Amino acid sequence: MRIVAPAKINLWFSVGPRRADGYHEIVSVMQAVSLFDELHIEPADASTFDVEPAGWAPEDETNLVVRALRQFSAATGARGELSLRLHKNIPAAHGLAGGSADAAATLVGLNEFHRTGISKKALEKMGAALGSDVPFCIRGGTAVARGRGDDLSPIASKELWWVLASSGESLSTASVYEEFDRGEPTSLEDPFDVADALARGDTDRIAMNLRNDLYPAAAALLPEVEETGRALREAGALGTVMSGSGPAWCGLARDEAHAVDVAGTVRSDAAWVEVACSVAHGARSEVA
Ligand code: ATP
């Protein structure tokens, strides 16, 4: 069985103060895009877990695939030796929810593999215990996320084309939030304009209303972050925004040809560049 797990980008990321439970209250617009990790699940004589390319994510107990497997087994009682092979395309610690996408793929895949028939809603609830972005990674599409990011309301979006880019370094989400807390507090704001522009398919207005409150904190920790954003703008992206806690950036393009063109130019300035479009689904199994 092969499960594909889309990366997530944030078109809007408004961050409030830290809550008593340690999480920050957020209002975000999340979108699933066509950059996929792949999880292969097969029956086996002895359980194995491998990550390829080697080094793209931990191969031990800390990997969200292993944690999701444990969670699923504890909740359902499902047992059996399995070979789990994770092929990563989403760079880790880039603000693209790679780990959460893999946790989502594991829950969705095991539910199908064991024919446990758990509803999507219940899987999302199980996923929320593994990470705030996991419910969105199960659901996919485009959604406004509130609370700590797991309270989701789907919204309409026409197909959008993006150029994703980074300088190749990774940024820890925890350290970006720590830096954010040292700065001036920002007020929590609803994404009215960007949500309306998404519904109308008004690409120029979407481009004008992208926002990420974590950007100053990420740029303070990693100066290369600023350079990637500038490179995307100079290459002709209609609008740019850092995704999540960074350092990956999203450059909005008019269409696929424009995205390919922008990506070609940015490649000389950024270590990692991908063209991706919005997708309407979350983690799901696909016939090989
Ligand atoms: P988010 O956008 O949700 O804040 P992120 O994209 O910045 O997250 P991840 O790619 O999920 O971050 O990786 C964060 C850390 O999680 C990594 O540094 C890695 O040690 C750990 N991790 C555990 N499992 C995985 C996985 N399957 N893929 C990537 N990283 C993983």
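**Figure 1. Residues at the centre of the largest pocket.** In this predicted model, the largest pocket is lined by 43 residues, and those nearest its centre are Ser100, Ser132, Asp133, Thr173 and Ser245. Here a pocket is an open set of points on a 1 Å grid over the protein atoms alone, where a 1.4 Å probe fits, with protein on both sides within 12 Å along at least five of seven lines, and lining residues have an atom within 4 Å of a point.

**Figure 2. Setting of the largest pocket.** Because domain 1 (2-155) and domain 2 (161-277) both contribute residues to its lining, the largest pocket lies between them; the domain bounds come from an automatic or database domain assignment. The space in the largest pocket is about 900 Å³, a volume being the space filled by probe spheres set on the grid points, which are joined across faces, edges and corners. By class, its lining comprises 19 nonpolar, 17 polar and 7 charged residues, where Ala, Val, Leu, Ile, Met, Phe, Trp, Tyr, Cys and Pro count as nonpolar, Asp, Glu, Lys and Arg as charged, and the others, Gly among them, as polar.

**Figure 3. The second largest pocket.** About 250 Å³ of space lies in the second largest pocket, whose lining is made up of 14 residues, with Ser47, Leu69, Ser73, Gly80 and Leu82 nearest the centre. This lining divides into 6 nonpolar, 5 polar and 3 charged residues.

**Notes.** Residues are numbered from 1 along each chain as its sequence is written. Local features need pLDDT of at least 70 and side-chain atom pairs count only at pLDDT 80 or more, while totals for chains, interfaces and linings use all residues, and side-chain values use heavy atoms, with hydrogens and water left out.
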